[in-house]
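Let's take a walk through this model together, from a sheet to a single residue and on to an interface. Have the viewer open and follow along.

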Amino acid sequence: MSTPKVGDTARLDARFAACKAEGRAAFVSFIMAGDPDQQTSLKIAKGLVAAGVDVLELGMPFTDPMADGPSIQAAGLRALAAGASLKSTLTLVSDFRADDTDTPIILMGYYNPIHYYGVDTFLADAKAAGVDGLIIVDLPPEEDSELCLPALEAGLSFIRLATPTTDDKRLPAVLANTSGFVYYVSIAGITGGAAPEADAVEQAVARIKRHTDLPVVVGFGIRTPEQAKAIAATADGAVVGSALIAVVEENLDNQNQAKSDLVDKVVALGRSLAEGVHSAHN
Amino acid sequence: MILDKPNTYRAGPDESGHFGIYGGRFVAETLMPLILELEEAWEAAKVDPSFQQELDYFLEHYVGRPSPLYHAERLSDHLGGAKIYFKRDELNHTGAHKINNCMGQILLARRMKKTRIIAETGAGQHGVATATVAARFGLPCTVYMGAVDIERQQPNVFRMRLLGAEVIPVTSGSSTLKDAMNEALRDWVTNVEDTFYIIGTAAGPHPYPALVRDFQSVIGNETKEQMHKAEGRLPDTLVACIGGGSNAIGLFHPFLDDETVKIVGVEAGGHGVDTDKHAASLTGGQPGVLHGNRTYLLQDDDGQIIEAHSISAGLDYPGIGPEHSWLHDLGRVDYVSVTDTEALEAFQLCSRIEGIIPALEPAHALAHVMKIAPDLPRDHILVMNMCGRGDKDIFTVADALGVEI
């Protein structure tokens, strides 16, 4: 048997190394691809990176996101109603890559659209578009042969979620084929839910770090620059999603079209979150 | 896709929860330790005689089992062919087969020291059965139900509330059963310590499809014994309706290795499987991954889940249990579909001729029986699972027939 591949982690490695060199955590932002429409979401993505986002997570819209709260559920349905598809998400990535070849891009979502698209075709298209890694919520290590191993083989990182229910016995299995970074889900719950306790997160991150050298990034329930700063002090990065998406939602007209200052408002929140994360030295 | 025939159709799932390529454990990491714990508890309970004794006690004295195997003589004569039997699971406490599974799962929940019960429901039958056993064992119960379904199944919502359950309307997605299941999973992911999720059909992540099947297999095991007593032999044909497919797999499973027994599953064809308004996942869907398992799903060309349609809220689900998908690919079970209109005709015929008002779900199975029975010889024994009674459906049926009540 050949050694398991770890995917091509160059962009992620470089970005986390750069953050580390600056003595700060990475700010990871999540937005839904195609929400509220393709062009606006491209502008948001570019604007967020300009405002200090280190790693971009793009949600792949899905009708039945079982681990997501109301904000992200609604964002996915808005994107789909505006014509988004897995194909258009990949187009968004390649459009973004036209003038940014450094910012790592992670696609996050659920397995079925990829299953339908075809695993091998999807991995080839994602790689060609400039995707760096995948986070697939409904693919635990028990199902690694489905997409995780083929993704690593195709040169993409497969970033695993570790959760408060992932005990020490289970952690090695969860970390086994993960690459790029580890995403620690700070609460047992859905996205956009209760805020995590910084102390509990700190302990959990320390526990994970005993098992891996990969950067540990924390997400779920982080909404404000202050929370982001507190979490960033304990981890290699902090993820904010629902709070950014809430700003998208608040700046739509009654036809779900973007109001003129929607992008600016999302980017403004992104900037203050980035400042929060970056000001936490660790 | 026709696969090689296995030595037995009854050995599944494999260790990782697969029936061929179907099934599996496609859940968020947060839930993974919980379903492993459930699997372990179930494996231990299965071989513990005291668990089976306790279950048998409640099935007999609380649920009312065994349910009769009834020779539907007038219907057989009317159709002029096969000798038709009904397995009378509509006579169970709460009026459907759902409670067989709920009783099993709540005893398991108690064994696991879980103190809170959640469930999803479509038509409300599973919700009522869950609320019933939760009341019986004094556990708080929360039932997720699509807002659209709440609107069309008011009597069951009231029943659940009478039984002390909290019914939470689900307004996400399309506000029906699949969304109720998403919401129940979201609750479970948030309340991992104390909560037991009683899934209502033979679907979801492993071990649920096998667990629910095992609890529902009481239907087929009883049928086998009762048929032996009545006719001294195996039946020739079994027919059951399929939404998620728990009543069907419960009847079918004990007979899967009896090669002479022809087995037919009836999906809800809605307005017709050539339209976009049906719930026939096997006839009109493709394999995909939803709610923890790989199975046939109604989906569009981007892998987005399509809303199902059926006059029967209990069949109105865009997926199907993974074991059915496997049996479909193997060709062991024939899967057909019946339209809303055909089910309505069967509903009325059965009421008039047999004095049994069937639920709209088994009315689908009956509609298929009406199609095939006339061409079968008089000594052909056919068993149909009368898995629910129709009291809950009288408003829907009256509406469809243009009657105001």
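In chain A, nine strands make up an open sheet with parallel pairing, in the order E5-E4-E3-E2-E1-E9-E8-E7-E6. Strands here are DSSP E runs of at least two residues, helices are H or I runs of at least four, and both are numbered from the N terminus; two strands pair if DSSP finds at least two bridges between them. Strand E5 (157-158) and strand E6 (161-162) of chain A stand at the edges with a single partner strand each, so one side of each has no neighbour in the sheet. Helix H9 (residues 198-209) of chain A packs on this sheet, touching E6, strand E7 (182-185) and strand E8 (216-219) of chain A. Contact here means heavy atoms within 4.5 Å. The direction of H9 makes about 150 degrees with that of E8(A), where axes are lines fitted to C-alpha atoms, for helices over the stretch in contact, and angles run from 0 to 180 degrees between N-to-C directions.

Before going further, a word on the basis: this is a predicted model, in which local features need pLDDT of at least 70 and side-chain atom pairs count only at pLDDT 80 or more, while totals for chains, interfaces and linings use all residues. Residues are numbered from 1 along each chain as its sequence is written, chains are lettered from A and ligands numbered from 1 in the order in which they are written, and side-chain values use heavy atoms, leaving out hydrogens and water.

Back in the sheet, strand E1 (residues 26-32) and strand E2 (residues 55-59) of chain A run parallel and are joined by five bridges. Met32(A) stands opposite Gly59(A) in E2(A).

Now find Thr103(A), in the loop between helix H4 (86-97) and strand E3 (105-109) of chain A. Is Thr103(A) buried or exposed? Its relative accessibility is 2%, so Thr103(A) counts as buried (under 20% relative accessible area; exposed is over 50%, partly exposed in between, with a 1.4 Å probe and protein chains only). Beyond residues up to four places away in sequence, Thr103(A) touches several others, including Arg11(A), Leu56(A) and Asp132(A).

Finally, turn to the interface, where 37 residues from chain B meet 36 residues from chain A. Three salt bridges are found across it (a side-chain nitrogen of Lys or Arg within 4 Å of a carboxyl oxygen of Asp or Glu). Arg170(A) forms a salt bridge with Glu29(B), with the closest N and O atoms 2.8 Å apart. H8(B) gives the largest share of the side of chain B that touches chain A, eight residues.
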